[in-house]
Amino acid sequence: MAVETVRIMPTTADSLAQKKNRIQVSNTKKPLFFYVNLAKRYIQQHNEVELSALGMAITTVVTIAEILKNNGVATEKKVLTSSIGMKDENRGRMIQKAKIEIVLGKSEKFNTPPTSPATPKKEDASKDGN
C-alpha cells in the first residue's frame, strides 16, 4: 500500500506574503551573488526572506545566509531541516532528498553602510630618533 502526501496551501494573506519573499536556491542555475543581492532586496521590501534548497544546493543556501549575517544585513530567525520523497528521473523510484529552509530577518544595522577596518596609524618619525 502506497502512502501519498498532499500539501494543501492556505490562501490567507500571510501565506501570500510568504510566497513573495521565498527564494528557492539552485547551485547550478545562478551565481552565488545573484542570490545574495536578491535576498538583500527581499529583506528590504518584506523585512525577511526565506531561503530554501534541496540536496547539493544546501551548502549554497548556508553560504548565502552566512554572507548576509556577516555583512550585518540579516539576522537568523529560523532554520528548518527535513527530507522529502522525490521520484528519481533516471531509475523511476522514490528517493529521499535533504531540504533546508532558513528564514532571515532584517538586522538593525541594515541601512548603515559597512565600515572599513581601521587603518593603523603611522608612527611619528620624530619618536624613532631618525
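Leu-104 touches Asn-47, Glu-48, Val-49, Leu-51, Ala-65, Leu-68, Lys-69, Ala-74, Thr-75, Glu-76 and Lys-77, with residues up to four places away in sequence left out of the list; a contact here denotes heavy atoms within 4.5 Å. The model is predicted, so that local features require pLDDT of at least 70 and side-chain atom pairs count only at pLDDT 80 or more, whereas totals for chains, interfaces and linings use all residues. Residues are numbered from 1 along each chain as its sequence is written, and side-chain values rest on heavy atoms, without hydrogens and water.

Leu-104 also belongs, with Ile-23, Val-49, Leu-51 and Leu-68, to the residues with the most contacts inside the largest nonpolar core, which has 24 residues. Such a core is a set of buried Ala, Val, Leu, Ile, Met, Phe, Trp, Tyr and Cys residues joined through side-chain atoms within 4.5 Å. At least two residues of this core come from each of helix 2 (32-46), strand 2 (48-54), helix 3 (58-70) and strand 4 (94-106). Helices (H or I, at least four residues) and strands (E, at least two) are DSSP runs, numbered from the N terminus.

In the protein chain as a whole, four helices and four strands are found, arranged along the sequence in the pattern α-β-α-β-α-β-β-α. Of its 130 residues, 29% are buried, where buried means under 20% relative accessible area, exposed over 50% and partly exposed in between (1.4 Å probe, protein chains only). Among contacts with a separation of 6 or more, 66% link residues 24 or more positions apart.

Strand 4 is paired with two other strands in the antiparallel sense, with strand 2 over seven bridges and with strand 3 (residues 74-87) over 13 bridges; pairing requires at least two bridges found by DSSP between the strands. Strands 3 and 4 form a hairpin with six residues between them, and Gly-92 in the turn adopts a positive phi of about 75 degrees.

Helix 2 comprises 15 residues and reaches 21 Å from its first C-alpha to its last, close to the 21 Å expected at 1.5 Å a residue; the expected span is 1.5 Å times one less than the number of residues. Its buried residues are Tyr-35, Val-36, Leu-38, Ala-39, Tyr-42 and Ile-43. Just after helix 2, Asn-47 takes a positive phi of about 70 degrees, and this residue is also touched by Leu-104.
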